[in-house]
Amino acid sequence: AVLLLALQVRLVMKAHSFIRENVPRVLSSVKDKSGTVHIPRISQYLYFLFAPTLIYRDNYPRNPTIRWGYVATKFAQVLGSLFYAYYIFVRLCIPQFRNSSQETFNLRGLVLCIFNSILPGVLILFLVFFAFLHCWLNAFAEMLRFADRMFYK
């Protein structure tokens, strides 16, 4: 459900950007009563939907070729990060809570379990952010030949 919600939020943000960039152009050409109204093509909108940006432009800088070795490296880093996060979770988080289910509830034990899981939880959070925000998005940016990696600067 969280992934579906995140996808819907991304699509709403992209739709908002698309409308915000194109409606003023259409309205200004209608006010000027000019014969040509620039409407974006479907291919431009589809590229924008998959490009790793939230700001719509008609054209983005593009690389001439796709570096497949770079893409494979990024996907390998995603897999490595997920396996490492799984390892941390299984070795450091699960044993903390496994013993607590067999004992009677006590607040001290719960607080100790939570505090012992904070550092592994933060490591897992960093690994997931690295895997998605850096590796996954850069791999798709490379496959789409999206050249402007410093777009938001």
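User: How many salt bridges does the rule find across the interface of domain 1 and domain 2?

Analyst: In this predicted model, the protein is divided into domain 1, residues 1–59, and domain 2, residues 61–152. A salt bridge requires a side-chain nitrogen of Lys or Arg within 4 Å of a carboxyl oxygen of Asp or Glu. Across the interface of domain 1 and domain 2, the number found by this rule is zero.

User: Which kinds of residue make up the side of domain 1 that touches domain 2?

Analyst: Domain 1 and domain 2 bury about 750 Å² between them, and 73% of that area is on carbon and sulfur atoms. The residues on the domain 1 side divide into six nonpolar, two polar and one charged.

User: How many residue pairs are in polar contact across the interface of domain 1 and domain 2?

Analyst: Nine residues of domain 1 are in contact with nine residues of domain 2. Across this interface, the residue pairs in polar contact, both at pLDDT 80 or more, number two.

User: Is the aromatic pair of Y47 and Y60 stacked, edge-to-face or tilted?

Analyst: The structure holds eight aromatic pairs, and Y47 with Y60 is one of them, at 5.9 Å centre to centre. Planes under 30 degrees apart count as stacked and those over 60 as edge-to-face. The planes of Y47 and Y60 make an angle of 40°, so the pair is tilted.

User: How many residues apart in sequence are the parts that Y47 and Y60 tie together?

Analyst: Y47 belongs to helix α2, residues 42–50, whereas Y60 is in the loop between α2 and α3 (68–98). The pair therefore ties together parts whose separation in sequence is 13 residues.

Technical notes. Residues are numbered from 1 along each chain as its sequence is written. This is a predicted model: local features need pLDDT of at least 70, side-chain atom pairs count only at pLDDT 80 or more; totals for chains, interfaces and linings use all residues. Side-chain values use heavy atoms; hydrogens and water are left out. Domain bounds come from an automatic or database domain assignment. Contact means heavy atoms within 4.5 Å. Buried area is the accessible area (1.4 Å probe) that two parts lose on being put together, summed over both. A polar contact is a pair of N or O atoms within 3.5 Å; within protein, one must be able to donate a hydrogen and the other to accept it, and residues adjacent in sequence count only if both atoms are side-chain atoms. Ala, Val, Leu, Ile, Met, Phe, Trp, Tyr, Cys and Pro count as nonpolar, Asp, Glu, Lys and Arg as charged, and the others, Gly among them, as polar. Rings of Phe, Tyr and Trp (its six-membered ring) pair if their centres lie within 6.5 Å; planes under 30 degrees apart count as stacked, over 60 as edge-to-face and the rest as tilted. Helices (H or I, at least four residues) and strands (E, at least two) are DSSP runs, numbered from the N terminus.
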